[in-house]
Amino acid sequence: MASNVAPQDFDFSHRFDATATGFDQEVNSTEWLTGVTKMRRRIVQKAHGNVLEAAVGTGRNSDFYDLGRIKSLTLLDQSQEMLDVARAKWKKTHGEDKQCRLLPWSALDPVPPPPADSNDQGVEGYDTIIGTLSLCSIIGPSLFLRNLASHLAPRHTTRAVTSDTSPDSNSAPPARIYLLEHGRSYYPWLNKILDRTASAHASKHGCWWNRDIGKIAEDSGLEVINLQRRHFGTTWSVELGLPERAKGKDRQQWLEDNRRTMITMRAEVERQRKEGEEYMRKQEEARQEKGALERWRTEQREQMREKDS
């Protein structure tokens, strides 16, 4: 029976384990030339309060955090190899910083809460969540965002310290999710190219660059506060916030509704994972059979040449 899972739903995230040590060298020049490095900086410098970066990778945002605005920083990645590179990079840049913890963790699973201290009175979630080039590399991007949404603070829980904010000020930015992603273009002709090359790119790099980031954001149940696009529409900068019912008296019902939706999504993701693995297994078997057939043909040709000689 044919698989119902589209190629862009296959899970190639394990590719990052193999590419972690050389990843930065491979993308440094491209990101700098295309302005992605500057876009990373602009997004990450908005972080304040208790901060979560999901799918941190090799820690390419480490230099951009304004630690004066941050109470705690939690960096997650499911690839231990990527996280090891990020840890070494953070230590080199910031030393042994007690504000920061790096955890081997998939952001598709329930996320650990911000670390508590003696001054906290019931921290309700993260004030800022950062995701840069993360939706392309996970098997359930809408589930990823819904899960992060459930860990976003319904109101600002810690005061961000800035040059124009006094220690006694109660004013602070609202809790937000900031994303920098690459995905589908404005233009059909470019989308055709992305679609045609997506499988090969994902197989090599673990990244599906033809996903519809706008649709993923809509399916997350979050409010799109701001959305900007560059590079023919393929680079997406997205600011997301909680809907009103997630911040007021209906929050508990929103959390329950979101939890039920995530249960359904998790089941679908698991189905996608299994069907994708089965498809990949059959593809590998077919490649091996083709290779065996080619070797047999080569042997037959060699034998015929020997007889002729």
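Buried means under 20% relative accessible area, exposed means over 50%, and partly exposed lies in between (1.4 Å probe, protein chains only). This is a predicted model, where local features need pLDDT of at least 70, side-chain atom pairs count only at pLDDT 80 or more, and totals for chains, interfaces and linings use all residues. Residues are numbered from 1 along each chain as its sequence is written, and side-chain values use heavy atoms, with hydrogens and water left out.

**Overall fold**

- The protein chain has seven helices and seven strands. Helices (H or I, at least four residues) and strands (E, at least two) are DSSP runs, numbered from the N terminus.
- Along the sequence, the elements run α-α-β-β-α-β-β-α-β-α-α-β-β-α.
- The protein chain has 309 residues, and 44% of them count as buried.
- Contact means heavy atoms within 4.5 Å. Of the contacts with a separation of 6 or more, 70% are between residues 24 or more positions apart.
- The accessible surface is about 16,900 Å², and carbon and sulfur atoms hold 51% of that surface. Areas come from the Shrake-Rupley method with a 1.4 Å probe; for residues, only the protein chains shown count as cover.

**Salt bridges**

- A salt bridge is a side-chain nitrogen of Lys or Arg within 4 Å of a carboxyl oxygen of Asp or Glu. The whole structure has 17 salt bridges.
- R245 and D257 pair at 3.1 Å, N to O. R245 sits in the loop between strand 7 and helix 7 (251–308) and D257 in helix 7, so the pair ties together parts that are 12 residues apart in sequence. R245 is partly exposed at 36%, and D257 is partly exposed at 27%.
- E294 and R297 pair at 3.4 Å, N to O. They are three residues apart in helix 7, which means a separation of about one helical turn. E294 is partly exposed at 35%, and R297 is partly exposed at 37%.
- R305 and E302 pair at 3.0 Å, N to O. This pair is also three residues apart in helix 7, about one helical turn. R305 is partly exposed at 48%, and E302 is partly exposed at 38%.
- A network of salt bridges links D24, E31, R40, R60 and K89.

**Surface patches**

- Patches are made of residues with over 30% relative accessible area and no salt bridge; like charges are joined within 9 Å, and nonpolar side chains (Val, Leu, Ile, Met, Phe, Trp, Tyr) within 5 Å.
- K38, R42, K46 and R230 gather in a surface patch of positive charge. Lys and Arg count as positive and Asp and Glu as negative; His and the chain ends are not counted. Charges are placed at NZ of Lys, CZ of Arg, CG of Asp or CD of Glu. R42 belongs to helix 2 (residues 36–44).
- Y186, Y187, W189, I193 and F232 form a nonpolar surface patch, with about 560 Å² of accessible area together. W189 is in helix 5 (residues 188–205), and I193 is found in helix 5. I193 is partly exposed at 34%.

- F232 has a positive phi of about 60° although it is not a glycine. F232 lies in the loop between strand 6 (223–230) and strand 7 (235–241), and is exposed at 53%.
- L133 has a positive phi of about 50°, again without being a glycine. L133 lies between strand 4 (128–132) and helix 4 (141–149), in a loop.
- R176, in strand 5 (residues 176–182), is buried at 14%. Beyond neighbours within four places in sequence, R176 contacts residues including D127, L152, I225 and E239.
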